[in-house]
Amino acid sequence: MDGLSLPEEYRNGLHLSRRRILQLGGAAAVLAAGSQLVGPAAADAVDSYDSLRGVWLQLLTGSGFDPAAQPFADALTTLGSTASGFQGTMAPAASSLWPDLPIGTVSANVTSSFSRLKTMALAYVQPNTGLTGNVSLASAVTSGLDWLNSKAYTATTASYDNWWDWQIGAPQALLDTATLVYGRLTAAQIANYCAAVDHFVPASLVSSYTGNSTGANRVDLCRVLGLRGVIGKNSSSLTAAQTGLSPVLPYVTSGDGIYADGSFIQHKTIPYTGTYGQVLLDGLARMITLLAGSSWAVTDPNLQQLFTAVTSCYAPMIYNGLVFDGQSGRAISRFGKDDHTRGHALLEDVLLLALSGAPSASQSASWKAMVKGWMQRDTTLPYLSDPTMSIPSLARAQTLLSDPAVSPSPEPLLSKVFSMDRATHRRAGWAAQLSICSSRTSFYETGNGENLRGFHSNSGMLYWFGDTFGNDQYSDSFWPTVDPYKLPGTTVSTKALADAAGGTWGAAKPNTAWAGGASDGENSVVGQDVRGVLSTLVGKKSWFFLDDSVVCLGAGISCTDGTRVQTTVDNRKLGVGSAPAFTVDGAVQPSTSGWSQAFTNCRSMAIEGMGGWVFPGGANVSAQRTTRTGAWSDINTGGPTDQISRDYMSMWFDHGTNPSGAGYAYQLLPGADAATAAARAANPDFTVLANTATVQAISCPALGLTMANFYAAGTAGPITASGPCSVLIKEQSGTMTTAIADPSRAANSVQVTVARPGYTGVVATSGIDILLGTDQVVFLARVGGSLGASMTASLNATGATPQLGATATSYVRDGSFAGTNFGNTTTMVDKNTNALNTGYNRKSFLKFDVSGVTGTVGRAVLWVNGYVSDSGGTQTTLQAYATDSASWTESAVTWNTAPGLTTPLGTGTAGATPGWIALDVTSAVAAAVGGAGIASLALWEPSGAVGLAVILNTRLNSTNPPRLVVSTQ
């Protein structure tokens, strides 16, 4: 590297193997030449630990950059200046290494002390810092390490305050620093440092995947163990680190980690892709790079799940280089960081993983293209100008940006609902992210004095960005200045809450499970059964994500807190001294701060250069232009106390004090000007089909969309649902695509009937059984265990999906009717009294000819139409059974001669209203297809249960006779 002036121990560095140099590429070649690598004394033999230490040093210092060129020159100068300041103020005393970091009560001071030493060590190692090779600085670093090792972080010290500092923060900084000045350390010093690490971070911490040793924290612990093994040349520590990573890699279905749908949870209830998820990805990328090619290489086959998560978990939450704040938990309250700096950290991790040699060449190329596109599009805070990025990160980014072989990828178009109570919608020209919560996720997270006023950030907060505008909307001191009771999209009680209200670490959660929605990948419908922190607030909220807009509905909003309740349409940060025009129904409003007005029957609003809002049919909406002042310390006890002011334009529905059944409707149009918003208000592109506490639904004919959230059984437009669910129907050019989900996660299945004629063929289905009728389509979505995921199906009007009719149907009855045949009827009856010979027990029998079915039976569903007719109730469970014989006949079978019931098959629910009931009969039909070709089935109620009388149509009924739908592979 140009401009280097390094100490002698650097130049007497290690000689990496040729194989290792090739694995690491050009950066390792620089290291192998000894230009940066801090080696042991010359008499030490080069071994695999030294090689690993060389890799870690390269990750800490970077390579392939010109220290005299920007942005490196300024970064190196800043590094030197910062290190000089730390060295100048370091004053070892009885209870502190620095006067402002006393040891003994606050554990973060231990971590901070080690971190300052690391900064000083980097200034000693890196070129052109003004302190490169400075012996006095190096001595200060080693003496500082010894001071901390004797008085703060020892092999016998009892931990206090925050566990994280002792097990992650302090040892990581200690081991990084030891790597940087390794050549100046004695064997005794290294042994003492390692003994302290062993005391606080024994290998037993990663022996079980529980407590604090999960998700990102587990990766951090493995990093400590791995580096302790490298520095102390201990194979067992490295092995513990390698094997300890394995539990992190598989997808989880609860608790901390990555989920199959791309969700990421930490602290059990907090969506955390942008912070803890970033820490996990960073740690894994570094550990994979460190251990590659060694005896401890990470070769777990579940690594592929991590690679898949790059595009399923991380990429959907990154836009133009930023990561959505709804994924960053309490980190949004940290001064000096924002959605762009956090996003850049993720870009750094994806790029490092791409360069690690672990993913396939195609995956690596794809990730490089994604990262390059994000870097190029971030004009709010260009990556190479980000002061939070390390020199190695800047070097890798510069190499990527100047590589003509890598073409940048555009932003992906995607609409997705995640099981972690988040949704993202990305269209040409704009993107949005929605944050909601349920009994599975928290209202917000506060802890360590952070995010003290985030109470309402998951009560329907809608973040949105334009491709070339609004990318600084939630940066530039948004969080310390925004009104926490007017977060965009939220419905809240204005009841005053104390800082950290509801408890720390995500303790406050809604007492309702309904949150989520359905998506087809292009559009989504999302809903929330909203509650409030320490509030009586209840209500239903829905969002319908369309191509150029988001339709937002609210209903059943009630509260008895004795305070006003409001829904914030939006609260746009205007910056400092900015006064874009605000137009209401064609009239430009005053631009002075402090202006406010309550508008009656308003139809459209718009903010110049940002977007527009439409209120179908007119609505009463309040608006205000205001300057808000706050400090980072207001929301984070560790933040600066300087007062900051920002201008805002807010719009909201005032539902009044103690509202009962209030509601709202509006449409967000990102990027629209006043004329566009007014035109859309005059000619709306959607219709509200329902907006009640039971169901919220719209139709958008131009897109062929009908979308609904059902909080209970009900009907909206052409859609009828048997219970809670989200439904998205898209009809275009003779096809229908359907997505159905259960946001309540309470049901095993949900039945949705769509009153649309003409669909005759099933093109594809995943998790849905389908019955095609002449005037309707019936979907049975098997949502149980899906974690709220969408079940999907595709139909057309040109195909023909076989649906078999019964060849025989009858029912039998016990008691005095035991010898009577009921074959020649249009209805049959089922009832289980759970008693013998009562005369009221009835069973139904059906036969189907399946001899023409070819292939392997993948699924078979029996559809019967009927209803409960019994004074004892209105709902019962119907169960299908296989029979021990198919020799019975419709005209002769009686209770006395009926075949026996054998294997219990699927169940379905019958209600008081006539409707289709679907029952899984796969095993019985598969046996018949592989046997005599006749499937004999029985219908009754579960054995041992007292049921109700169910009336079912027979094959002789001209209306909705039984049908068997068989899918083969």
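Which helices are included in what covers the buried residues of H11? The cover includes helix H4 (48-61), H10 and helix H12 (276-291), where helices are DSSP runs (H or I, at least four residues) numbered from the N terminus and contact means heavy atoms within 4.5 Å. The buried residues of helix H11 (residues 235-244) are Ser237, Leu238, Ala240, Ala241, Gln242 and Gly244, with buried meaning under 20% relative accessible area (1.4 Å probe, protein chains only).

This is a predicted model, in which local features need pLDDT of at least 70 and side-chain atom pairs count only at pLDDT 80 or more, while totals for chains, interfaces and linings use all residues. Residues are numbered from 1 along each chain as its sequence is written, and side-chain values use heavy atoms, with hydrogens and water left out.

Helix H10 also takes part in a helix pair. Two packed helices are described by the angle between their axes and the distance between the axes. Helix H8 (residues 163-180) packs against helix H10 (residues 215-232) at an angle of about 35 degrees, with the axes 9 Å apart; these axes are lines fitted to C-alpha atoms over the stretch in contact, and angles run from 0 to 180 degrees between N-to-C directions. The crossing of H8 and H10 is left-handed, that is, the near helix is turned anticlockwise from the far one by less than a right angle. Residues of H8 including Trp163, Trp164 and Ile168 meet residues of H10, among them Leu221, Val224 and Ile231.

Asparagine 149 lies in helix H7 (residues 135-151) and is buried, with a relative accessible area of 15%. Leaving aside residues up to four places away in sequence, asparagine 149 touches Thr154, Asn192, Tyr193 and Ala196.

Turning to the rings, the model holds 31 aromatic pairs, counted where rings of Phe, Tyr and Trp (its six-membered ring) have centres within 6.5 Å, with planes under 30 degrees apart taken as stacked, over 60 as edge-to-face and the rest as tilted. Two of these pairs are set out here.

| Pair | Type | Centre to centre | Angle between planes |
|---|---|---|---|
| Tyr474 and Phe478 | edge-to-face | 5.2 Å | 80 degrees |
| Tyr664 and Tyr666 | tilted | 5.8 Å | 35 degrees |

Both tyrosine 474 and phenylalanine 478 are buried, as are both tyrosine 664 and tyrosine 666. Tyr474 and Phe478 also belong to one aromatic cluster, together with Tyr319, Phe324, Tyr463, Phe465, Trp479 and Tyr648.

Note on methods. Buried < 20%, exposed > 50% of the residue type's maximum accessible area, 1.4 Å probe, protein only. Helix = DSSP H or I, 4+ residues; strand = E, 2+ residues; numbered from the N terminus.
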